[in-house]
Amino acid sequence: MTEEYIIDIQHLSKSFGGVKVLDDINFYVRSGEFITLLGPSGCGKTTLLRQIAGFVVPDEGRIMLEGKDISGIPPHKRPLNTVFQRYALFPHLDVFDNVAFGLKLQKLPAKEIESRVKKMLKMVSMTDYEDRSVDSLSGGQQQRVAIARALVNYPKVLLLDEPLAALDLKMRKDMQLELKEIHRKMGITFIYVTHDQEEALTLSDTIVVMNEGRIQQIGTPTDIYNEPVNSFVADFIGESTILNGTMICDRKVEFMGHEFECVDEGFGQNVPVDVVVRPEDVCISSSMEGAQFSGVVESCIFKGVHYEMFVDTDNGYELMVQDYDSFEPGTKVGLRINPDDIQVMRKERTCNTIEAEVEDGEHVSMLGCSWECRVPEGFQEGDKVLAEVAFDKVDLLDNQEDGKLGGEVHFLLYKGDHYHLTILTDDGDHLWVDTDDIWDKGDLVGIDILPEDIKIVRRNG
Amino acid sequence: MKKALAKCYIWLLLAMLYAPLLFIAVYSFTESRVMGSWTGFSVKLYQNLFTGNVSGGAALLSAVENTLLIALIAAAFSTVLGTVAAIGIFNLKERSRRAMQFLNNIPMINPDIITGVSLFLLFVFLRFSQGYVTVVLAHITFCTPYVVLSVMPKLSQMNPNIYEAALDLGATPGQALRKVLIPELRPGMISGFMMAFTMSLDDFAVTFFTRGTVGLDTLSTYIYADARKGGLTPELRPLMTLIFLLVLVLLVIINLRGSRAKNATE
Amino acid sequence: MVKRSTWSIPYLIFMLVFVVLPLLLIVLYAFQDGSGRFTLSNITHFFSDSDSLSTFAVSIEVAIENTLICILLGYPAAWILANRKYNKSAVTVVLFIMPMWINALMRTLATAELFNMLGIALGKGTLLFGMVYDFLPFMIYPIYNTLRKMDQSYAEAAEDLGAAPWTVFWKITVPLSIPGVMSGILMVFMPTVSTFAISEFLTNNKIKLFGTIIQENINSSMWNYGAALAFIMLVIIGITTLFQGSEQTEAEGGVI
C-alpha cells in the first residue's frame, strides 16, 4: 500500500523552547498529487514543510520518502526542492546561474545544463531574462525564476512555502493558474503551504487544514468546504455562520429557536451540536410563502457578484445571507434553509474542563493559581480533580491586572447572538468563553471566575 | 535663506577641519625646516622623499613600510577572524549572542591607552618579547570588532532562506558557504577590511605600548619621537600631502562606483 | 540545521586572551606592589597625591568641555547633513570623515604649528580647539546616522497634529536622536581623558592629561601605579557605559 504514497508522515512532533509547534502529525501524499497545508499563521504548517525539506529536525516521528525514512538525511542530500517564501534567489548570480546552481553542483556537462535551464526558463516564460540580475526582476518574475530553479533538478517532490504571498492580488490569481499548469505538465508532486483558503481551494487535489500544531481535517476541497468537521474548519474555510444547536433526533435539528430538517444521523437524541450555515445556502425572499422563519434586513452590501446581507432573525440571531438580489435594510424577509445545506457538527466541548488539585475545603489550584470554590464532601487535600466551568461563567476584564490571571484573546467565533472566544492564558492554558462583549484577536484580558461557578468533579481513572 | 545659512555652517566647519591639512600641503612646497616660515617655492622635499635622501635617513621610509605592512597583515587577519566570528555569533542563541556582542564592544569602547596598557601588561605577564608580532596581535585585537560589526548587518539583511536554498539545491554546507554566503557577505567584509586597515594605519597609542624596545617604528611613533626631539622631519609634509591625495582619489572612486551601482539597480 | 554557532569559539578564545585577560591584569597589577604582594597603596597614593588628582580633575574638565562643544557644533551639522532638503549627496558626509585618514599626530602637530604661525600662545584654548578638531567627526557621525535612519513619519505625524517646526525639532527629533548623541559622547568623552600625545603637542607640555601620566608611569617602569591609574579609568568607563547601556544597545554600530 505504502508504495503509492510518495511521502508518508508518521507521528511527527516538534517543540521550540518548550512550545509544541507540531503535535503528532500523520498524513500521506500520493505521487503526483497537489497537496496543500492550510492554516492560519503560527499553525505549524511552515515548520512541517521545513521538516520535509530537512531544515528542521523533528523531535519525534518519521518522514518516509518512497518507503524510506529520510528524517536523518541532511537537506542537500534529499531529492526534494523548495520554492521559498521570499524566493531566496542568490543576489550575486544572474537568472541563468541561479537556475543552473543545482545542476552545476551535480557537475553535469555544460551543454546539458544549458539546455535544461533554457527549457525550464521557457516553461516559466522567462526565456529572455537569462543574463538579467535577479534584483532587476519584478516579484512575479523572481517567483518564476525561483520555481524554475527548483524544478530544473527534477525533484521527486516540490515544496512551496507560501510562494505567492508577496504578490499582489491580480498577479497572484495569474500565478495560481500557471502553477496549476506547471504541475500538470511536469507531473511532479507538489506540497504547498498557504494561509489563503481561496488559494488552497483553487489549487489543491487535497487540503490538510492545520491549527495550533494539529491536523484538523484532511480532504478534497469540496469535502472540506461542504463538510467541515469542526467549527474551526467551518470558520476558516469560506464564509459561514456557526450556531449553537441541539440534535433532537436523527434528521431533526434545532437552532435559532426553530426546528429544521437535516440529513445528519447518528448523533443521538437531544445532543448539543454546532450548526454551520453557509451564507449562499440561505434562501431569502420578500414573501413569507415557504419560509421557515422570518427576519429583518439589517445591512446590505454589494460584493460584485452578489449582495451580502446581515439579517436579524425573529428570535434575535444575526445571520449572514448572500443573494443575487438586494433587499433594502429594514425589509421584512422570509428565510429558509434546505436540509442538505445544514451541516451539523459534534461539539468539541460543552464546557471548560480544567485539571485541578484540591487544596482544602474551599480552595483548588488550577491554571497556575489558587481559586476559591466550594469543594464538595468526599474530596481531600491533594486530590487530583477536574474543575468544570461553563463557557458563559468566565468573566473577562479589560485590564489584565484586575483578573486573577491574565490572558490573550486567541481566536474568536461569532455564533449568531454571542461570541465564542478561545483565551490563551499567560501560562499557555486554553479557556473557552461565551460573551456578548466585543473583543478582538490579540486583546489582553484579565480572567476571573466566581467561586460558585467552579464545579469540582472526579477524574476518570 | 535657511539653506544658505546651513550650507555656510557646514562649509565653515569643514574649513576648520581642513585648515591644518591645507597648511601641511602648502608648506610641502617649500624647503624651510619648520612650517609657518615660507622660504620660496620648491619641490625639493618631494624629490628627497622619492630619492630616499631624507634627513631622518632610512628610518622614515622603514616606518612607512612597517605601517603599511602591519596594517595589511592585521586587516587581513581581522577580516578572516571577524567574518568567521560574525557568522558564529549570528547563529548563537539570543543570550550568548548578546554576551559575545558585549565582549566585541569592549575594545571599541576602551580608549586606546587602556587597550595599549592592558596588552602591554599581558605581554609582560606572559614574558612575551615585544616587537613586530605583539604589535600585529594588538592591532588585530582592536581591528576585529569593526569587521564583526560590519559583517553582522549583512548577515541580518540577508534573506535567511538563501543559505537553505543552496542546501536545498544540493550544495553541501561547505559549498553553500563558498558559493552563496561569502559572496553575500563580501561587501561587509571589504568595508570591515578597510576599516581595520584605517584603524591600524592611524593607531598610535596601542603601537606605542606594544612595540617593545627593539626600535620598531610606525609612522605614528616616528612622528611622535620626531616631534619630541624638536622639529618634524620636513619630508613628512610631502608624505602626508601625498597620502591625503591618495585617500581623496580612493574615496572619489569608491563613491563614484557606489553611486553608479545604485543607479544601475534603480 | 548546521551548527555554525561553533564558529564563534575561535574569536571567543581570542577575546578571552587579548581582551578579558589583559583587563584583569590591569586590575591585578593595580592591587600589587613591585614585588607582587597585594596592596591598596597604588590606589591610596592616587587619592593622596595632589598632582595626580589635579591632572585627573583637569582631564575631566577638558573632556566635559570638549564633549559639550562637540555636541553644540556637531548636532546642527549632523542635522543639516541628515536633512534631505539641505544635503542631497553623501559626499559632504565623507568630507567630514576624511581628515581621520590622515595621521592624527601629524594633524595635531600641524594645528600646533598653525597656532604658532598665527601667534596664538599654546595653552588651554588651543588644547580645546585641537581636541574639538580631532573628535568632532566622532560626534557628528553617530548623530547623523540616527537622524538619517529616523522614520520621517514621526515628524510628519507631529506636524499633522499641529506642532510647529521648532516644536517638532525639540519634541520629536531631539528625543529620538538621543541614542546617537549618547554614542557620540561615548566616542568623545573617555578618549579625551586618555589622550596623551595630543595634549603634549597642543600645550607644549604645559597641560598634562590623565593619559599622559599613565604613559609616563608605564614608560618609567612604574607598572603598578600606571595600572592603578588605568584601573581608575576603567571604573569610570564601566560606570558611563552601564549608565548608557540601558538606553542604547545598537547605536555604537554606526561608528565610521
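How many bridges join strand β9 of chain A to β10(A)? The count is five. This report works from a predicted model.

## Two strands side by side

Strand β9 covers residues 206-211 of chain A. Its partner is β10(A), and the two run antiparallel. One facing pair can be picked out. V208(A) stands opposite I218(A), which belongs to β10(A).

## The sheet around them

The pair is part of something wider. Six strands of chain A make up an open sheet, in the order β6-β7-β8-β3-β9-β10. The pairing in this sheet is mixed. From one strand to the next, the twist averages 20 degrees.

Which strands stand at the edges? They are β6 (80-83) and β10 (214-219) of chain A. Each has a single partner strand, so one of its sides has no neighbour in the sheet.

A helix joins the picture here. Helix α4 of chain A, residues 139-151, lies across β6 and β7 of chain A. Strand β7 spans residues 157-161. The helix runs at about 175 degrees to β6(A).

## Chain A as a whole

Chain A has 461 residues, and 36% of them are buried. Its secondary structure comes to eight helices and 30 strands. Along the principal axes, its C-alpha trace spans about 80 × 65 × 45 Å.

What share of the chain A contacts with a separation of 6 or more comes from residues 24 or more positions apart? The share is 65%.

## Chain B: helices

Chain B has 11 helices and zero strands. The C-alpha atoms fill a box of roughly 70 × 60 × 35 Å along the principal axes.

Chain B has 266 residues, of which 45% count as buried. Take its contacts with a separation of 6 or more. Residues 24 or more positions apart account for 75% of these.

## Where chains B and C meet

Chain B also touches chain C. The contact takes 65 residues from chain B and 72 residues from chain C. Which helix gives the most to the chain C side? It is α1 of chain C, residues 9-30, with 14 residues.

What classes of residue does that side hold? On the side of chain C that touches chain B, 55 residues are nonpolar. Another 13 are polar, and four are charged.

Notes:
Residues are numbered from 1 along each chain as its sequence is written. Chains are lettered from A and ligands numbered from 1 in the order in which they are written. This is a predicted model: local features need pLDDT of at least 70, side-chain atom pairs count only at pLDDT 80 or more; totals for chains, interfaces and linings use all residues. Helices (H or I, at least four residues) and strands (E, at least two) are DSSP runs, numbered from the N terminus. A residue is buried if 20 or more other C-beta atoms lie within 10 Å of its own, exposed if 12 or fewer, and partly exposed in between; C-beta atoms are placed from the backbone. Two residues are in contact if their C-beta atoms, placed from the backbone, lie within 7 Å. Two strands pair if DSSP finds at least two bridges between them. Axes are lines fitted to C-alpha atoms, for helices over the stretch in contact, and angles run from 0 to 180 degrees between N-to-C directions. Ala, Val, Leu, Ile, Met, Phe, Trp, Tyr, Cys and Pro count as nonpolar, Asp, Glu, Lys and Arg as charged, and the others, Gly among them, as polar.
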